[in-house]
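Student: I have a structure open and would like to walk through it. Could we begin with one of the helices?
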Amino acid sequence: MVLLERLRHPNVLQLYGYCYQDSEDIPDTLTTITELGAPVEMIQLLQTSWEDRFRICLSLGRLLHHLAHSPLGSVTLLDFRPRQFVLVDGELKVTDLDDARVEETPCASSADCVLEFPARNFTLPCLAQGWCEGMNEKRNLYNAYRFFFTYLLPHSAPPSLRPLLDSIVNATGELAWGVDETLAQLEKVLHLYRSGQYLQNSTMGSRAEYQRIPDSTIPQENYRCWPSYRHGSCLLSVFSLAEAVDVCESHAQCRAFVVTNQTTWTGRQLVFFKTGWSQVVPDPDKTTYVRASD
């Protein structure tokens, strides 16, 4: 409870309050009241959109940066498994701080500074002050790599972002970067994605013409694509109308798409892709585009 209070951050579960109860039935009981989150289920996360999976990795990068520079000093999470985290409105938050440690590891030589993991070990420098350099943040960072980054970051990412994402995964897997550089690179990916700069070299050459039908939608004629925001249909996020056209052109069955007024956490618009437009109905919140050449 004290750690939740002292380490307040958007990616630490919010502590709303607590009460102390001392009665004959329940002696010496302390109850904390926190925000409610959903358990992290990795199998489900692997089936979600890359944009949502990247948000989790970015959340984790921001959390680790906060823990490395916290008011208490550098904090490490000794029990760093997905079950120690929850999702609140798409943001990853650490919920269990029982195994958090603030003290850096003391050492007489670098032999005392071995980070041990199931797959490999790392030896860090022993500073003249008598503690291992960056051991707390490096432990957090490698655990973030092995439990989250390696599964969630590169999988089905936009092709032009893959080299940068691969470098983040490789650098954290080798502990070549600290948390500052890792977060800077994750924020760079966010900027490229949110600004549409990642599309500069990926737009297709020839496009079909599309007719715009305002205030309308196509209720049926769905097809499945992956990863879709809605089961049984093809609902994807796009940066621009040009990207929506590119997506439709890349799907063999796509003949029309419907732009909604809904946006994702990065501000991208959600678009339904359709196999045809035999039934177009009024809808003030959507705009339909149909292939004029068909």
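Predicted model: local features only at pLDDT ≥ 70, side-chain atom pairs only at ≥ 80, totals over all residues.

Student: How far apart are the end C-alpha atoms of α6?
Tutor: They are 24 Å apart. This agrees with expectation, because 17 residues (179–195) at 1.5 Å a residue should span 24 Å.

Student: And what follows α6?
Tutor: Glycine 196 does, and its phi is positive, near 80 degrees.

Student: Now the core. Which residues touch the most other members of the largest nonpolar core?
Tutor: They are Leu60, Phe80, Phe85, Phe148 and Leu153, in a core of 63 residues. Two or more residues are given to this core by each of α2 (42–45), α3, β5 (85–88), β6 (91–94), α4, α5 and α6. The largest share, 10 residues, is that of α3.

Student: What is phenylalanine 148 in contact with, leaving aside its neighbours within four places in sequence?
Tutor: Its contacts are Val40, Met42, Ile56, Leu60, Phe80, Pro82, Phe85, Leu92, Asn143 and Leu153. A second, separate core of 17 residues also exists, and among its members are Tyr210, Cys225, Val238 and Val247.

Student: Changing topic: where does glycine 134 lie?
Tutor: Glycine 134 is in the loop that runs between β9 (121–123) and α4. Its relative accessible area is 22%, so it counts as partly exposed, given that buried means under 20%. Its C-alpha atom is separated by 8.0 Å from that of glutamate 104, although the two are 30 residues apart along the chain.

Student: On to the open sheet. What is the order of its strands?
Tutor: The 5 strands run β10-β16-β13-β14-β12, and their pairing is antiparallel. At the edges stand β10 (210–213) and β12; each has a single partner strand, so one side of each lacks a neighbour in the sheet. From one strand to the next, the twist averages 25 degrees.

Student: How many bridges join β13 and β14?
Tutor: Strands β13 (256–263) and β14 (269–274) pair over 5 bridges. Opposite valine 258 stands phenylalanine 272 of β14.

Student: Which helix packs on the sheet?
Tutor: Helix α7 (241–250) does, touching β10, β12, β13, β14 and β16 (286–291). The direction of α7 makes about 135 degrees with that of β13.

Technical notes: Residues numbered from 1 in each chain as written. Heavy atoms only, no water. Helix = DSSP H or I, 4+ residues; strand = E, 2+ residues; numbered from the N terminus. Expected span 1.5 Å × (residues − 1). Core = buried A, V, L, I, M, F, W, Y, C linked by side-chain atoms within 4.5 Å. Buried < 20%, exposed > 50% of the residue type's maximum accessible area, 1.4 Å probe, protein only. Contact = heavy atoms within 4.5 Å. Pairing = 2+ DSSP bridges. Axes fitted to C-alpha atoms, helices over the stretch in contact; angles between N-to-C directions.
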